[in-house]
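Subject: Structure for you to look at

Hello,

Here is the structure I said I would pass on. Please open it first, and then read the notes below with it on screen.

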Amino acid sequence: MERNDEKGSDRLDAEERRELSDSDFGLPEERAYPMPDAAHVRAAESYFRYATDAQKPELARNILKKARKFGVHVESPTILEWADK
């Protein structure tokens with residue numbers, strides 16, 4: 001998937017976001033926290049604190065799953081703790 005590299009941005013534009021499958025999202029039902037690559041896994045990790053407590057267990061598990069896929073080491077004890085809930 002090509003990225004919109006103007007200004008060096010890792011942000012997805014609307015079309016790129018629509019092209020992602022539900023499984024590329026940390027919260028697939030809401031299509032929130034897109035993680036199509038390692039940079040977006042790191043972004044989801046940094047934005048984890050904004051998820052609600054109800055969303056955090058699923059999001060944490062999905063971040064860890066995508067992190068393994070893309071070779072990202074997740075150091076956040078908060079994410080690791082929520083993944084066990």
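Helices (H or I, at least four residues) and strands (E, at least two) are DSSP runs, numbered from the N terminus. This is a predicted model, in which local features need pLDDT of at least 70 and side-chain atom pairs count only at pLDDT 80 or more, while totals for chains, interfaces and linings use all residues. Residues are numbered from 1 along each chain as its sequence is written, and side-chain values use heavy atoms, with hydrogens and water left out.

Overall layout

The protein chain has four helices and two strands, and their order along the sequence is α-β-β-α-α-α. Of its 85 residues, 42% are buried. Here buried means under 20% relative accessible area, exposed means over 50%, and partly exposed is in between (1.4 Å probe, protein chains only). Contact means heavy atoms within 4.5 Å. Among contacts between residues at least 6 apart in sequence, 43% join residues at least 24 apart.

Arg 31 sits in the loop between strand 1 and strand 2. Arg 31 counts as partly exposed because its relative accessible area is 24%. Its phi is near 50°, which is positive in a residue other than glycine. Most residues other than glycine have a negative phi. Tyr 33, in strand 2, also is not a glycine and has a positive phi, of about 60°.

Arg 18 belongs to helix 1 (residues 14–19). Its relative accessibility is 61%, so Arg 18 counts as exposed. Arg 18 and Arg 31 are 13 residues apart in sequence, and their C-alpha atoms are 9.3 Å apart in space.

Is Tyr 33 buried or exposed? Tyr 33 counts as buried, because its relative accessibility is 17%. Leaving aside neighbours within four places in sequence, its contacts include Asp 24, Phe 25, Ala 44, Tyr 47 and Leu 59.

Asp 24 lies in the loop between helix 1 and strand 1 (25–27). Asp 24 counts as buried because its relative accessibility is 16%. Not counting residues up to four places away in sequence, Asp 24 touches Tyr 33, Pro 34, Met 35, Pro 36 and Lys 66.

Asp 37 is in the loop between strand 2 and helix 2. With a relative accessibility of 19%, Asp 37 counts as buried. Asp 37 and Lys 69 are 32 residues apart in sequence but 8.9 Å apart in space, C-alpha to C-alpha.

The core

A nonpolar core is a set of buried Ala, Val, Leu, Ile, Met, Phe, Trp, Tyr and Cys residues joined through side-chain atoms within 4.5 Å. The largest one has 19 residues, and Tyr 33, Phe 48, Leu 59, Ile 63 and Ile 79 touch the most other members. Two or more residues each come from strand 2 (32–34), helix 2 (38–47), helix 3 (56–70) and helix 4 (77–83). Helix 3 gives the most, with five residues.

Helix 2

Which residues of helix 2 are buried? They are Ala 38, His 40, Val 41 and Ala 44. Strand 2 and helix 3 are among what covers them.

His 40 counts as buried because its relative accessibility is 7%. His 40 and Asp 24 are 16 residues apart in sequence and 10.0 Å apart in space, C-alpha to C-alpha.

The pocket

On a 1 Å grid over the protein atoms alone, a pocket is an open set of points where a 1.4 Å probe fits, with protein on both sides within 12 Å along at least five of seven lines; lining residues have an atom within 4 Å of a point. The largest pocket has a volume of about 310 Å³, the volume being the space filled by probe spheres set on the points, which are joined across faces, edges and corners. Of its 11 lining residues, the closest to the centre are Arg 11, Leu 12, Pro 34, His 40 and Tyr 47. Helix 2 supplies the largest share of the lining, five residues. The lining is made up of seven nonpolar, one polar and three charged residues.

Regards

How values were computed
Nonpolar A, V, L, I, M, F, W, Y, C, P; charged D, E, K, R; others polar.
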